[in-house]
Amino acid sequence: MSEYTENRSAAAGSPADTEKEIDYNYIADNISNISRIALRIYENDNLLRFLNTTAFPVDPGREFIDEMLQTSRSVSYFITPYYHYYGILKNGNHTLILGPCYHLQPTHAQIRDYMFSLGIKERYESEYAQYMQSITPMPLEMFLHLICLVHYFITGQKQDMASLLEEGCISSNPLPETKPPIYQKLSSLSSEAVGEPLHDTIGFENQMLQYIQTGNVSELEQLFASSTPGQVGKIASTYIRQIKNTFIAAATLASRAAITGGMPADEALSLSDNYIRHCEEHSDPHLIMNLQHNMIMDYAQRIHSLTLGRHHNHFMYTAITYIQEHLTENLTVETMASDLYLSRSYLSTRFKKEMGMTLQQYIQEQKIEKAKIYLKNTNRSILDISTYLNFSSQSHFQNVFRKYTGMTPKKYREHL
C-alpha cells in the first residue's frame, strides 16, 4: 500500500466487510483534471503531495493551511478574508484540502492584495495573474456539492450540502449589525406553512427588487415599514433551516437586482457569499432576520451611491474608482490628473469642494483603511505594509496611522 492510500471498511450492509483501499493519488489526479482545482494530501498533518494546476511555485493557501488542518470535522469548508474557498476532507490520518476556488475572477487590485499577503514580489505579478485566471470559477454551492461527493467516495458516508451549510465554515469574520431588529416584519417570510403552503410573496418581492435595482433607499424603508411580505411555502424541515434558506433566496435575488442596477458582478456576488456565510454562522432567528434586513438595505444603499456617481457626479465616481484601483501603487495627484486627463489644480480644487478634504488626505485615509486590513488578515511586518502602501518611511506610516486611528500599527494589531 502506497503512502497515498488507506484501507477503508466496506459500507455497513454490504455483502462482506472487506477492506477497501483508497488511492488518494488517483482521487487527486481526477479532481484536478475535471475541475482544475489544486489539491493537497496530508498524512498526520505532513504534506505528502501538492497537486498544483499550474507551474506557479507558491501555494495561495499557505497562510491558512494550519488553521484548516485543525478542524476535527470529516468534511468542512473554509473561506478566506479574500473570499477564496477551500474544502477540507478528513479520513483517518489523511486530510485532503481542495482549493482555492472563487465565484468570479479577481480584479487587478485584488490580485495585488493576494500577492502582498503571500509575500510574492511585484515582478511576478503577470505570472500570478495568469495563475489566478487559470482557476475555474465555481459558485460556492457547486463547490460544496463537489466536496460532499468526494467525501462520500472516500468514507462511504453521505453529507448533504444543507447540513454542511448549517454547520458553517471554519473561518469567522463577523459583519457589524447596525440596524435595529425588524424580525417581526420579516418573520412571515419564513413561517412554516401548515397544510397547503402559501406563495403570496411575489408582489412584495417585485417591489423590493425594483427599489434595490434603482437604489431607492427611502421607498425600500417605507416598504418594510408599511407592507406585509406574505408567506413562502415550506422549504425546509426545521424552522431555523427555513429562515436560512429564505435568507439565501433573498441574497440571490438582491445580488441579481444589484447587478442589473449597475453594481459590478464580482462585488455583488462576493457580498452575497459573505452575507450567506455569516447567516450560516448564526442560530438565533432574530439575528438572521436582522441580518437579512441589513443585507437588503446594504445593496440598495450601494446602488444609490453608484447612481449618484454615474448620473449626478461623474467626476467623483471616476476619481474614487481610480484611487481604489491604484491605492497600493505610487499614487500621486500629478499622476492621477494625467491619467484622468485633468489639470492638477482642477482635480485638487474640485475634489476638495466635493469631499470636504484634500485629495491627499483622502488617499491617506484610504491607505490606512487598507493597512488595517493587512494588519488583521496577514502576518506581514509593519515595514512591509508601509513599503507596499508607498509611504515614504515606516515612521511616516506610523504617524499617519496614529493620526487616523489613535494608536500605532503595532497596538492596533495587538488589540485584534
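# A chat about loops, strands and helices

Me: Where is Asp45 found?
Reply: Asp45 lies in the loop between β3 and β4. Strands here are DSSP runs of E with at least two residues, helices are DSSP runs of H or I with at least four residues, and both are numbered from the N terminus.

Me: Before we go on, what sort of model is this?
Reply: This is a predicted model, in which local features need pLDDT of at least 70 and side-chain atom pairs count only at pLDDT 80 or more, while totals for chains, interfaces and linings use all residues. Residues are numbered from 1 along each chain as its sequence is written, and side-chain values use heavy atoms, with hydrogens and water left out.

Me: Back to Asp45. What is its phi?
Reply: The phi of Asp45 is positive, at about 70°, although the residue is not a glycine. Most residues other than glycine have a negative phi.

Me: Which other residue in that loop has a positive phi?
Reply: Asn44 does, with a phi near 50°. Asn44 sits in the loop between β3 (39–43) and β4 (46–51).

Me: How accessible are Asn44 and Asp45?
Reply: Asn44 counts as partly exposed because its relative accessibility is 47%. Asp45, at 41%, also counts as partly exposed. The cut-offs are: buried under 20% relative accessible area, exposed over 50%, and partly exposed in between, using a 1.4 Å probe and protein chains only.

Me: How far is His94 from Asn44?
Reply: Their C-alpha atoms are 6.4 Å apart in space, while the two residues are 50 apart in sequence. His94 is in strand β7, and its relative accessible area of 3% makes His94 buried.

Me: What about helix α3: how many of its residues are buried?
Reply: Nine of the 11 residues of α3 (residues 108–118) are buried, so the helix is largely enclosed by the rest of the structure. Among these buried residues are Arg112, Asp113 and Tyr114. Their cover includes α4 (125–134), α13 (314–325), α16 and α17 (382–388). Just after α3, Gly119 takes a positive phi of about 75°.

Me: At what angle do α10 and α11 pack?
Reply: Helix α10 (residues 239–260) and helix α11 (residues 265–280) pack at about 170°, with axes 9 Å apart. That makes α10 roughly antiparallel to α11. Axes are lines fitted to C-alpha atoms, for helices over the stretch in contact, and angles run from 0 to 180 degrees between N-to-C directions. Angles under 35 degrees count as roughly parallel, over 145 as roughly antiparallel, 65 to 115 as roughly perpendicular and the rest as oblique.

Me: And how do α16 and α18 cross?
Reply: Helix α16 (residues 359–377) and helix α18 (residues 394–405) cross at roughly 95°, and their axes come within 10 Å. The two helices are therefore roughly perpendicular to each other.

Me: Finally, how many helices and strands does the chain have?
Reply: The chain has 19 helices and seven strands. Of its 416 residues, 47% are buried.

Technical notes: Contact means heavy atoms within 4.5 Å.
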